[in-house]
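Biologist: Could we go through the aromatic contacts in this one together?

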Amino acid sequence: MLLPVLLSVVYMLAYRTERTGVFYRIFSFVSLLIPVGSLLAWVIVPVLYMAGQAPPDDDVTKLISSSGLSPWIVLLGAIALFAVCLSIAWRKKILQNYWTAVKSDG
């Protein structure tokens, strides 16, 4: 689960704000969106787990069940990692540049 997110963070740290190509800006946004978006499962499934509604074959459910970790730790860890990724993307202006590229191309 963490490898795609870590690769996304490395890419975000290497992002060059001054590059103005539409493809570069859209690719950069997508390279952030897909791995970081997968973190949302690590937020939703612990909530479902605490409600007794978690899918039994899900990786998050298996991790919580087999490790004995509190669902709260998994939930808060995923939220923290998501917030860090969004913070990096905001500071590197990936989100703003994507929006600019989409508006100018349209």
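Modeller: Tyr11, Phe23 and Phe27 form one aromatic cluster, where rings of Phe, Tyr and Trp (its six-membered ring) pair if their centres lie within 6.5 Å. This is a predicted model, in which local features need pLDDT of at least 70 and side-chain atom pairs count only at pLDDT 80 or more, while totals for chains, interfaces and linings use all residues. Residues are numbered from 1 along each chain as its sequence is written, and side-chain values use heavy atoms, with hydrogens and water left out.

Biologist: How many aromatic pairs does a search of the whole structure find?

Modeller: The search finds 4 aromatic pairs. Among them, Phe23 and Phe27 are stacked, because their ring centres are 5.9 Å apart and their planes are at 20° (under 30 degrees counts as stacked, over 60 as edge-to-face and the rest as tilted).

Biologist: And where do Phe23 and Phe27 sit in helix 2?

Modeller: They are 4 residues apart in helix 2 (residues 22-37), so about one helical turn separates them; helices are DSSP runs of H or I with at least four residues, numbered from the N terminus.

Biologist: Which aromatic pair involves Tyr98?

Modeller: Tyr98 is stacked with Phe29, at 3.8 Å centre to centre and with 10° between the planes. Since Phe29 belongs to helix 2 and Tyr98 to helix 6 (residues 94-105), this pair ties together parts that are 69 residues apart in sequence.

Biologist: Is Phe29 buried or exposed?

Modeller: Phe29 is buried, with a relative accessible area of 17%, whereas Tyr98 is partly exposed at 22% (buried means under 20%, exposed over 50% and partly exposed in between, with a 1.4 Å probe and protein chains only).

How values were computed
Helices (H or I, at least four residues) and strands (E, at least two) are DSSP runs, numbered from the N terminus.
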